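Good morning, and thank you for the time on today's agenda.

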Amino acid sequence: MMFVKDDARCRAQTLRWISIGQEGVVDLNKLANLLGVKVIFSDVMPDAITGVTIRKSPTTPAKIYINSNKSRDEQRLALAQQIGHFVEREMVGASSRYSFQSPAEEYNLHEFYADQFAHELLSLN
């Protein structure tokens, strides 16, 4: 049995290698595309929200909305976290319908997983 943080890190390390761009940096848009996730940058999100992941049914692709009013670094971290939510639900939780927003109203195991995933995915190791 694997701990949640170890699972998140392991999956992030695996996905990092398939999404390294020409400059040696993880291309998050490429990774989302490889995973079949549509990424939408929106300038109409509330300022308190950095990102949202939604999948309405098993027959529709997941969509990640990123607040484009945030800084580039905040957008990058938000996208990595939202990809973490997608990975956790699709690969670990096997859910076909879900919704997450960052920051969440409460910090729970889903948020912990997404945070661990994002930090490992974006690490320079």
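Let me start with a term: a residue is called buried when its relative accessible area is under 20%. Please bear in mind that this is a predicted model.

With that cut-off, is Lys70 buried or exposed? Lys70 has a relative accessible area of 15%, and is therefore buried. Lys70 lies in the loop that runs between β3 (63–67) and α3 (72–92). Which residues does Lys70 contact, leaving aside its neighbours within four places in sequence? They are Asp47, Ile49, Thr50 and Gln75.

As for Ile83, residues up to four places away in sequence not counted, its partners are Leu28, Leu31, Ala32, Leu35, Ile64 and Phe117.

Next, helix α4. This helix covers residues 109–122, 14 residues in total, and its first and last C-alpha atoms are 20 Å apart, close to the 20 Å expected. Among the buried residues of α4 are Tyr113, Phe117 and Leu121. In general, residues three or four places apart in an α-helix point the same way, because there are 3.6 residues a turn.

Finally, the aromatic rings. The count of aromatic pairs is zero. The charged end of Arg16, however, sits over the ring of Trp17, at 5.9 Å from the ring centre. Thank you.

Notes:
Residues numbered from 1 in each chain as written. Predicted model: local features only at pLDDT ≥ 70, side-chain atom pairs only at ≥ 80, totals over all residues. Heavy atoms only, no water. Phe/Tyr/Trp six-rings, centres within 6.5 Å; stacked < 30°, edge-to-face > 60°. Lys NZ or Arg CZ within 6 Å of the ring centre and 35° of its normal. Helix = DSSP H or I, 4+ residues; strand = E, 2+ residues; numbered from the N terminus. Buried < 20%, exposed > 50% of the residue type's maximum accessible area, 1.4 Å probe, protein only. Contact = heavy atoms within 4.5 Å. Expected span 1.5 Å × (residues − 1).
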